[in-house]
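Here is a friendly note to read beside the structure. Please keep the view open as you go through the points.

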Amino acid sequence: MRNAVRLLDVLDRMESGPIIEEEIFDMELVPSTMAALQKKYDIHIAADAAIVPEDDAFADRLFEAGLEMAETLGVFCTDTGRRMVWSRNEILDAIGLAPSELTIGEFPDAHTQVKRFPEDAARVTIKGGPVGTPSPEQLYLAIQQSYAQEPLVDLMIDGSLETVYGREGRSHSPWELLMAWHEMEMVLTAVARAGRPGLGIGCTEDSVSEIGELSVTSAERLGPHHWHHIAMVSEFKTNYALMTKVAHLIKSGSVIHSFYNTIYGGTAGGREGMAIAIVGGCILLQMAYMTTTHSVSPTHPFFGNTTTPDILRALAPAQQAISRNSHLLNDVVITPVGGPGTKTLLYEVAAQSITSVSSGAAGLIGPRSAAGTQPGHVSGLEARFMAEVAHAARGMSRREANRLVTEIVGRYQEELDKRPIGQRFDEVYDVVRVQPSQAWIDTYEAVKDELGQMGMTFDSPSAHAAVGGDLVGSEIEGGS
Amino acid sequence: MADKDESLKQAGADLEKAMMSAETGKGVEIAQSMLDKGLSPSQFFVEVLQPVLYEIGKRFERLEIFLPELMKAAKVAKAIQAEVLEPSLRSGKGETTSVGSVVIGTCKGDIHDIGKNMVALMLQVNGFKVYDLGTDVSAQSFIDAAREHEAKIIAMSSLLTTSMPYMGDLTKRLEGLGLRKEYRVIVGGAPVTQAYADRIGADAYGSDAVSAVQQCLSLAKSTMQS
């Protein structure tokens with residue numbers, strides 16, 4: 001449920017919740033809560049555990065632990081120095097009323113995202129794009145078009161700009177507003193050039209503070225049918241600027257996509273703490289931001305990626321916990337270390353796609369190639385690959401998924417600390433024709449062949465075309 | 001000699017255990033007993049505390065332990081400094097057990113703090129006095145804090161490309177104020193690169209928490225030599 005009354009209730013809690021010092025919240029309350037919940041709910045994930053487990057009882061205990069975490073911690077607002085907290089019943093009511101299906105974008109390119117279960121054959125939503133990776137201004141339009149023109153990309157997500165009109169962009173300044181406008185102008189052009197003017201756009205990536213979002217979100221600009229982003233700061237924190245975005249998006253009737261990136265080895269701890277934090281964090285996104293869709297991007301502290309085996313071991317049961325016990329529309333952001341042109345990128349994307357889809361993720365976002373840190377090291381071809389693998393993994397048993405993922409992880413694990421960032425967009429694409437180079441195509445085909453030899457079956461393009469939004473409703477019936 | 005080595009080894013093992021379980025009292029007791037046996041504060045720091053903290057840092061680097069364990073170790077180390085080493089030094093010969101002081105923060109325009117917190121803790125467990133200014137910190141606030149705490153190293157973190165320009169503000173401002181030679185500046189954060197650090201004239205770049213500590217140790221050495 002999202003409306004102005006609930007918005008006021010959330011904002012009231014922000015102004016009246018329990019007072020706590022930020023350092024105590026970060027350094028004492030979060031770690032002690034995580035440790036206590038691991039013990040109480042017997043949450044253990046061994047270093048050599050199956051990457052994609054099939055223990056439903058464990059997933060359900062993990063959900064209970066996440067629920068209690070959300071109730072115990074709430075969300076800390078750094079501007080008021082208070083925790084916004086909710087009771088267990090309030091949480092259950094709110095997540096029970098959250099949408100389990102949502103249409104994003106406009107006719108004729110609108111896409112309906114649906115809730116999925118572990119091992120579900122229902123269509124998984126592909127949200128392709130660089131996810132905030134900075135790009136050189138002169139390449140930005142072609143980069144976004146390279147994603148928009150991929151038929152398997154159901155919704156697009158923006159990268160961010162490295163500069164604006166050749167100047168350094170600065171958050172919380174007039175430059176942020178100009179960046180947000182520049183992003184908007186170019187992504188609307190990119191979807192039009194791709195022949196998909198109604199494609200739902202994940203935005204605004206150049207709005208760290210509220211300034212950019214407020215300036216470009218309106219019916220005449222980036223309208224409410226696009227999916228508008230709000231971050232929850234790790235771990236479990238927000239502020240006035242982020243809550244201002246929430247208020248604006250609710251008052252403008254916009255789709256809210258919020259996200260939370262817990263850090264492996266951070267205050268939540270290791271595999272177990274990360275798994276609880278993913279579940280509890282998603283619940284808190286719903287409570288604080290009244291979000292319509294949300295995503296997690298559990299991040300490695302040194303590589304900045306989401307694909308290390310330890311992270312996948314936390315992500316898989318957490319995703320299963322959420323999808324078995326709620327109908328929240330939960331996406332996973334894929335952030336490989338590898339960049340365009342490398343096999344490493346493709347292996348990482350394959351492993352995390354299979355892990356997430358078989359564990360019940362409703363959507364995949366990205367890939368945010370080269371850990372999202374190398375300017376312009378992104379391209380549409382990796383989104384096509386992510387989509388093809390994701391669709392091939394629909395309906396796959398978790399046991400089979402684990403077999404495949406374990407084998408694929410073995411092909412990239414040793415490469416991660418070499419940080420193979422690959423090549424920039426203009427080295428792997430013809431930027432005028434906006435088509436991948438033959439070398440990049442050859443690498444992509446070679447990895448698809450390897451996956452085929454492992455036992456994956458890829459659909460033909462015509463099979464994808466037949467799976468429209470209308471089919472999804474009937475597929476989900478048999479999903480559980 | 002062999003007895004002394006054995007005693008130091010045992011003290012180190014006991015101290016590591018106390019740190020991993022956040023037994024502040026036990027840690028203080030071990031430190032005090034070593035000083036009572038005739039070890040000077042700086043000998044204790046160099047021969048017992050530093051090797052233990054180094055090993056704990058290495059374990060974090062290998063992700064065998066996590067931030068909560070690092071926090072426990074830092075808490076015990078802080079108590080040993082405050083309750084045993086500093087009082088002893090105040091009555092002693094002007095020795096020091098601090099590697100140096102660092103002012104740290106996430107630069108203006110950015111509110112992400114986990115990476116910065118990791119670096120701050122790693123610096124503490126490696127013997128630095130750390131003054132954490134939090135997030136969204138302006139260039140002038142870094143300078144004011146460095147002056148106030150007599151810190152020679154300023155460490156800035158940014159997770160966003162749109163907050164990185166504020167890092168450049170610091171080096172420019174230090175130049176403009178005629179203070180550039182007085183401070184060493186280190187920058188880090190996901191989108192920050194060595195090339196960017198060079199471009200804005202920073203003295204060092206930390207690609208992650210571990211390398212940030214190594215770089216700060218080198219910077220601390222250079223401030224002592226200058």
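How many residues of domain 1 of chain B are in contact with residues of domain 2 of chain B? Please bear in mind throughout that this is a predicted model.

1. **The two domains of chain B.** The answer is that 13 residues of domain 1 of chain B are in contact with nine residues of domain 2 of chain B. The domain assignment places domain 1 at 2–92 and domain 2 at 100–225 of chain B. Taken over C-alpha atoms, the centres of these two domains of chain B are separated by 27 Å. Between them, domain 1 and domain 2 of chain B bury about 1100 Å², with 77% of it on carbon and sulfur atoms. The count of salt bridges between these domains is one. Look for Glu86(B) and Lys129(B), which form a salt bridge with their closest N and O atoms 4.0 Å apart.

2. **Where the chains meet.** Moving on to the contact between chains, chain A gives 33 residues and chain B gives 29 residues. The area buried between chain A and chain B is about 2400 Å², and carbon and sulfur atoms give 64% of that.

3. **Salt bridges across the interface.** Chain A and chain B have four salt bridges between them. One of them pairs Glu168(A) with Arg199(B), the closest N and O atoms being 3.8 Å apart. Another salt bridge is formed by Arg419(A) and Asp208(B), with 4.0 Å between the closest N and O atoms. Arg419(A) lies in the loop between α13 and α14 of chain A, while Asp208(B) lies in the loop between β5 and α9 of chain B, so this pair joins two chains. Arg419(A) is partly exposed at 34% relative accessible area, whereas Asp208(B) is buried at 18%.

4. **Salt bridges within chain A.** Over all chains, the count comes to 36 salt bridges. Among them is the pair of Arg399(A) and Glu54(A), whose closest N and O atoms are 2.7 Å apart. Arg399(A) is in helix α13 of chain A and Glu54(A) is in the loop between α2 and α3, so the pair ties together parts that are 345 residues apart in sequence. Arg399(A) counts as exposed, at 60% relative accessibility, and Glu54(A) as partly exposed, at 38%. A further salt bridge joins the side chains of Glu450(A) and Arg411(A), at 2.6 Å from N to O. Here helix α15 holds Glu450(A) and helix α13 holds Arg411(A), so parts 39 residues apart in sequence are tied together.

5. Three strands of chain A form an open sheet with mixed pairing, in the order β2-β1-β13. The edge strands are β2 and β13 of chain A, each pairing on one side only. Strand β1 of chain A pairs with β2(A) in the antiparallel sense over three bridges, and Cys77(A) has Arg82(A) as its bridge partner in β2(A). Elsewhere, β3(A) and β4(A) form a hairpin with six residues between them, and Gly105(A) in the turn has a positive phi of about 95 degrees.

6. **Cysteines.** The count of disulfides over all chains is zero. Take Cys107(B): the nearest cysteine sulfur, that of Cys216(B), is 16 Å away. Cys107(B) is buried, with a relative accessible area of 1%, and Cys77(A) also counts as buried, at 0% relative accessibility.

Definitions and conventions: Residues numbered from 1 in each chain as written. Chains lettered and ligands numbered in written order. Predicted model: local features only at pLDDT ≥ 70, side-chain atom pairs only at ≥ 80, totals over all residues. Heavy atoms only, no water. Pairing = 2+ DSSP bridges. Helix = DSSP H or I, 4+ residues; strand = E, 2+ residues; numbered from the N terminus. Disulfide = S-S within 2.5 Å. Buried < 20%, exposed > 50% of the residue type's maximum accessible area, 1.4 Å probe, protein only. Domains from an automatic or database assignment. Contact = heavy atoms within 4.5 Å. Buried area = accessible area lost by both parts, 1.4 Å probe.
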